[in-house]
Amino acid sequence: MVTHSEDGELATNDIRLIRVPRKRWPAGSLRPLYYYEWGYPRIVSSQHSPETAPVGDQQETEPIGHIPQVPETWAYWDTEYGVQNEKGLSMGGGTSPSKIRGWPVKYYGQRLEYGYNRAGIEDLTKIAMERCDTARCAVETMGGVAVEQGYYVNGPDDIHAPTLSDSGDDLLVADRKLGELWVFNILTGKNNASAIWAAQRIPPNHIAVAANSFSIGKMNLSDAENFKYSPGVTQLAEEKGWWRREDEASPELFDFFRAYGYDPKATNPEVVYSARLEGKTPEDWAAYRATNLAYYSGRRIWRIYNLLSPLEGSKLDPQRKNMPTSNYFPTSVPAPRGTVTRRMVMEVHRDYYQGTPFDLTKGVAAGPYGNPNRGAFDPAVEGWFERAISTERTNWAFLNEARPHNRSIMWFAYDAPHGSIFLPFYAAATAGAPESYHSHEGHMSKFSKRVAWWAYNFINQYTEINFQLINADVRRKAKEFEDEAERRIVSWEAEADQLIATVHGGRGELEAMDLLTARSNQFAEEVLAKWWEFSEELISKYGRHVVTHNETITGVIGDAQKLPAWWLRSPEVGFSTWSPSGPYHGVFLNAQPLPEWWLRSPNLGFSTWLPSGSYFLQQAQNQLGIGYGTVPAVPTMLAMALMTVAAYQLGLRHRGQDHADDKAFHALRDCAATWQTINVTPNGCIVIVTFLKEEAQPPPGMSHSGVIPRGRIDQRALYLYAQVRVTLWTQVAMLMLVVLV
């Protein structure tokens, strides 16, 4: 099995699932190479497929190069990349950081003076689909064309400060014929031309992950059975000083990831340019980007290995950095034969670290209803959210399953898999998918109920209202359809076998595949119609912030979507802190506009994100900002002791007084200056707040934004601290804390 999710960028994707038919070509024919657009249509070409032929006023896309055509090309499923061909050859993968970026000779029809390359990963995968029935053939074909024509990454970019975080590609390639799985890594070659590539065979009964990072590490260049690579694969790395032969244990070894993987340095033009834009030093920006890249891929690799091979995954550290200069993750890990099923892989696509310390359904950022989706954020705030496997920007996903008797299947799901359905389409199908899968009636910027993608996207968008509640319904419904798909396949193939038994020769096989194609298409149309109906059921059930079942007096559950207590108690929400004289909108951390103050909240988990924590809002007693299994630093502990004694004494002496004379409040206000002076985090105030149970009304006219120097202390902690009245229990608890400290 090979699987892939197309996690869209800020641009649109062409969401059509295209069927490229098998074709014979006259001698001397040329195969065009294209620059593929981001949105619809990615190309316009009647030669590529009847489904990409011009419609309306569309004009044929002008090629940017040609290679000699072969006499016959295989049929295959096609999206942005080639997916699966009729022979069972399958691919999936994504972009990867590398040390070099290449550009196409033309960009949107305009000649690029610094572009020397004609083959992007889009065409490389399609050419392999057209010509190969084994993974070995595919990696050698893609590599050969790339070296000859030059490899590039989509986008113009800036030659003086090239973006390197997506300048290469990492693919997984599998076949039915030999039953092999290969990893393929590629980047542009010397002088921004040609290509450097490597391929590694994955051992039987192993799983491998391509998660936006090169995954080939140590190569044995003398082992032609398990490693393939471009001519002079080490040359540029040696010239640039990126890798030294003498550092290896033997002359046959070469570390591809260490040599060509991207590790941000303060001297990189991209880093210098970005640092200037962000108002940072190159050193700070390089460190920030390196941390992000290390865990953007590493955390997902760790999670997938844990989900699909628990024994091996348990040996891996989630804090492990997946960077060229670190102890990066292994290319593959063992998984006992038969222990990984297609349904397990589908569920991996729906994962956002549920049940782990990185669970994206937890914390303030997830909102009151545990939404794992994050979206874009204000660039003025430096921080990070965990990168989930399933994201709101996934436009489609597929699982390619190699099966015997020419019955390999592509399981295809539109939009984010956590709210979608994987449906079966045969690799050797004799016709394209239903019209709604390749319709010109709509695209990502034009809604149409005649376009299948919109049904799945619509439900995923509606789920945002109350993710935990609505998505649970969606997941149950998706499982019903996937269960039904498995039952249908058994029935369809039994019917096909009977047809083969009665119609002899090759005609029986052809008629059987006609039948399987028709059955799978009918099922896809049936599910699409029911999914639209289901969307209407969700609207009526979950509208108005209630749950409506029927028209009876008990048909509406008014508190089924109630806001949770932990969220209502947050001072920023404004529910528990409301009074007739204010505040009316909660207590903000500072006076900045919503996106920035929200992102800066230490309880949000964005600006306080570290590889080892804090990942999301804990319960009050865990909101220390000091990570798991750690203790406050000595200066912080001293400050905690001083603050505790002061609060205890002042609270004891002045309990019950008016706000205007509340010395405890004024002492706490002065505390802010103390924090600023000793420059420690406000752990002390937050710790003490966990002991304070009795809250009074906020002081009239209190100016929250003027109390605390911005970014120095959690204002909510200080505010709650200022409005309490010390009870006997609190006094004892504080005194115990002083003694312990």
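A residue counts here as buried when under 20% of its relative accessible area is left, as exposed over 50% and as partly exposed in between, using a 1.4 Å probe and protein chains only. The model is predicted, so to speak for local features a pLDDT of at least 70 is needed and side-chain atom pairs count only at pLDDT 80 or more, while totals for chains, interfaces and linings use all residues. Residues are numbered from 1 along each chain as its sequence is written, and side-chain values use heavy atoms, with hydrogens and water left out.

Now to the aromatic rings. Rings of Phe, Tyr and Trp (for Trp, the six-membered ring) pair if their centres lie within 6.5 Å, and planes under 30 degrees apart are called stacked, over 60 edge-to-face and the rest tilted. The structure has 32 such pairs. One of them is Trp 103 with Tyr 114, edge-to-face at 5.2 Å centre to centre and 85° between the planes. Trp 103 sits in the loop between β9 (90-96) and β10 (106-107) and Tyr 114 in the loop between β11 (110-111) and β12 (119-120), so the pair ties together parts 11 residues apart in sequence; strands here are DSSP runs of E, at least two residues, and helices runs of H or I, at least four, numbered from the N terminus. Trp 103 is buried, with 1% relative accessibility, and so is Tyr 114, at 16%. Elsewhere, Phe 214, Trp 242, Trp 243, Phe 254, Phe 256 and Tyr 260 make up one aromatic cluster.

Helix α1 (residues 121-131) has 10 of its 11 residues buried, so it is largely enclosed by the rest of the structure.
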